[in-house]
Amino acid sequence: MGTTTEIVIKNTHRGLRYVDGRLTDVLEAGRYELPAASGRFGKRGPVVEVTLVDMRERELTLKGQEILTSDKVALRVSILTHFKVVDPVAAVERVDSYTDRVYSDVQLAARRSLASMTLEDILTNRNQLSEDILRDVQGAAAGYGVEILRADVKDIVFPGNLQEVMNRVLAAQRLAEAQLVDARTKAEKDVLEARARAEADQVTAAGRRDATRLAAEADAAAQRIRVEAEVDALRRLAEAAAVYAEHPALLRLRELETMTALGGNAEARLYIGFDKHSTPN
């Protein structure tokens, strides 16, 4: 009898089993026995092979890719790519090496994206560049069973003279932005101060108007009270006069009470016109 070969497939991998060169099935994680090439009675048996495919997420870095922008500036770009195999059959059978294919596809996607952008676009939209590369390469990689998870522009290196010029430009831009911020801050401060003064003036004017109004209302109230007191006093006098007119004896009694009160004061002087009360002979 022929011997067998034992194979163990880890959970991180899948196995493609080929029998005489034809794919028969995809092996999940586990232990498998493969028949020997020589069969019974010396007859040659089927040739069984298992190709392992790593299903884990992997990282691939494209370093120092020299690419021209749309305005003919030469850049050196490094791109970090994360990918994983999602279809082991397609990854093995549709391309010679899916790792190499991912490398070339990302490289081409980066060239297409950078070639369509100016240097200013790249500087101001670096995240957009990464998104464009990822979107471009995802469709191509899906055709051979690979999922591209990330394709980030890691480094951008400019020519030496351009780097110096850009540093000066960036410094000038930062200075201009700082001056603009200072100017806006000063303008906002002036506006706030002007509003505060206007509100204070309004409050002061309103305060003066309120004080004048309150004083006028107080004077009017005092005048009204005085008038009411005088009217009340006149009313009381009129009532007293009516009572005295109706009862003259009450008036005489009032006169006597007054004289008695004056008599208790040593410095009081009382003058009586006797001639008025004398009778003729």
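How many bridges join β6 to β7? Nine, and the two strands run antiparallel.

## What we're looking at

This is a predicted model, in which local features need pLDDT of at least 70 and side-chain atom pairs count only at pLDDT 80 or more, while totals for chains, interfaces and linings use all residues. Residues are numbered from 1 along each chain as its sequence is written, and side-chain values use heavy atoms, with hydrogens and water left out.

The protein has seven helices and eight strands; helices (H or I, at least four residues) and strands (E, at least two) are DSSP runs, numbered from the N terminus. Of its 281 residues, 23% are buried, where buried means under 20% relative accessible area, exposed over 50%, and partly exposed in between (1.4 Å probe, protein chains only). Take contacts (heavy atoms within 4.5 Å): among those between residues at least 6 apart in sequence, 65% join residues at least 24 apart.

Mean pLDDT, the predictor's confidence in each residue from 0 to 100, is 78 for the protein, with 63% of residues at 70 or more. Confidence is highest in helix α1 (residues 88-93), at a mean of 96, and lowest in helix α7 (residues 274-277), at 50. Where pLDDT is low, the predicted coordinates should not be read in detail.

## The β6-β7-β8 sheet

Back to the opening pair: β6 and β7 belong to an open sheet of three strands, ordered β6-β7-β8 with antiparallel pairing. The edges are β6 (58-68) and β8 (146-157); each has a single partner strand, so one side of each is left without a neighbour in the sheet. Direction ignored, neighbouring strands here are turned by 25 degrees against each other on average. (Axes are lines fitted to C-alpha atoms, for helices over the stretch in contact, and angles run from 0 to 180 degrees between N-to-C directions.)

Two strands count as paired if DSSP finds at least two bridges between them. Between β7 (residues 74-85) and β8 there are 10, and Lys-84 stands opposite Glu-147 in β8.

Val-77 lies in β7 and, at 1% relative accessibility, counts as buried. Setting aside neighbours within four places in sequence, Val-77 is in contact with Leu-62, Lys-63, Gly-64, Gln-65, Leu-114, Val-153 and Asp-155. Val-157 is 80 residues away from Val-77 in sequence, yet their C-alpha atoms are 6.4 Å apart.

## Helices on the sheet

Helix α2 (residues 98-115) lies across β6, β7 and β8, at about 40 degrees to β6. Helix α4 (residues 126-142) also packs on the sheet, touching β7 and β8, and its direction makes about 145 degrees with that of β8.

Buried in α4 are Leu-129, Ser-130, Asp-132, Ile-133, Leu-134, Val-137 and Ala-141. The buried residues of α4 pack against β7, α2, α3 (119-124) and β8.

## Nonpolar cores

A nonpolar core here is a set of buried Ala, Val, Leu, Ile, Met, Phe, Trp, Tyr and Cys residues joined through side-chain atoms within 4.5 Å. The largest has 36 residues, of which Leu-75, Tyr-98, Val-102, Ile-133, Val-146 and Ile-148 touch the most other members. At least two residues each come from β2, β6, β7, α2, α3, α4 and β8, with α2 giving the most, at six. A second, separate core has six residues, including Ile-7, Leu-27, Leu-34 and Val-48.

## The other sheet

Another open sheet of three strands has the order β3-β2-β5, with antiparallel pairing. Here β3 (22-27) and β5 (48-54) are the edges, each with a single partner strand, so one side of each is left without a neighbour in the sheet. The twist averages 25 degrees from one strand to the next.

Seven bridges link β2 (residues 13-19) and β5, and Leu-16 has Thr-51 of β5 as its bridge partner. His-13, also in β2, counts as buried at 17% relative accessibility. Not counting residues up to four places away in sequence, His-13 touches Leu-52, Val-53, Asp-54, Met-55 and Arg-56.
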